[in-house]
Amino acid sequence: MTILANILVIFFIVAGLVFLAVAAIGVLRLPDLYTRAHAASKSSTLGVMCILLGVFFHFWLNENHFNPTILLGVLFLFITGPVGAHIMSRSSYIAGVKPWSGTVRDDLKLEIERMKKEQNIK
Amino acid sequence: MKTNDVIIQFTAKIVFFMIFFYAVHIFFAGHYTPGGGFVGGLVTASAIVLLIVAFDLKTVQTILPINYIYMVACGLILALGTAAFSMFTGKPFFTHFFDYFNLPILGKTSLHTAALFDLGVYLVVVGVTMTIIQTIGEDE
């Protein structure tokens, strides 16, 4: 039983570490802000959630201590991580950060021009 | 330019309650585990700051019509009253009392007057933080 619990814990923590490493490599290698935000938000949120689940299972199965605060932390990260990335990407688009030169489709540009025309700006 | 901010407002509405109830948990867990009045007050203030970021200073003042300066005063009176209460019974200043009670739902509970002192600290921390942030935010 302890071996099964340890396999579960090690699986979750190793998966979380792999996702965090992928997020760091993505932030270094990707060309512009939006692709970096894509790498950093999605992968690191999943990585930290996996590590927290591993810690939760370790304390629950090995130490007999059920800690619901960790589950609340998983839920909180799941809600707030992507929303933070969304707000940062959107505000940097409106502030004028250009996408990568190989971008083929930009739907938000048309929408922002329409909103500017409706509100009589510029 | 006026843009839609539906996502952050909807998220703030949900996350506010999560942060606030976690702050209450930190406050009540302070006697036996890490936490207490100071951290609980700061977390509560950060939940209100999240609402201010997502909505507006005026909107949040209509949602939570609290004068935070009175809140600081209430907290100081509560802390001082808890500390001074033992002087009237002939004990030294800051002597605390505790006893075990059988509450209807919670069962055997130990109630301690240090929790009232901590409640004073909580109110002072929330009041001071929110006063600072509102005073800076109101400048135009």
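**Exercise 1.** Leaving aside its neighbours within four places in sequence, which residues is A:Ser43 in contact with?

*Solution.* A quick note before we start: this is a predicted model, where local features need pLDDT of at least 70, side-chain atom pairs count only at pLDDT 80 or more, and totals for chains, interfaces and linings use all residues. Residues are numbered from 1 along each chain as its sequence is written.

Step 1: look for heavy atoms within 4.5 Å, which is what contact means. That gives A:Phe19, A:Val22, A:Ala23 and A:His38.

**Exercise 2.** Work out whether A:Ser43 counts as buried or exposed.

*Solution.* Take the cut-offs: buried is under 20% relative accessible area, exposed is over 50%, and partly exposed is in between (1.4 Å probe, protein chains only). A:Ser43 has 12% relative accessibility, so call this serine buried.

**Exercise 3.** Describe how strands E1 and E2 of chain B go together.

*Solution.* Step 1: strands pair if DSSP finds at least two bridges between them. E1 (residues 98-103) and E2 (residues 107-112) of chain B have 6, and they run antiparallel.

Step 1: pick out one bridge: B:Asn102 partners B:Lys108 in E2(B).

Step 2: check the link. E1(B) and E2(B) make a hairpin, with 3 residues between them.

**Exercise 4.** Count the residues in the contact between chain B and chain A.

*Solution.* Chain B puts in 13 residues and chain A 16 residues.

Definitions and conventions. Chains are lettered from A and ligands numbered from 1 in the order in which they are written. Side-chain values use heavy atoms; hydrogens and water are left out. Helices (H or I, at least four residues) and strands (E, at least two) are DSSP runs, numbered from the N terminus.
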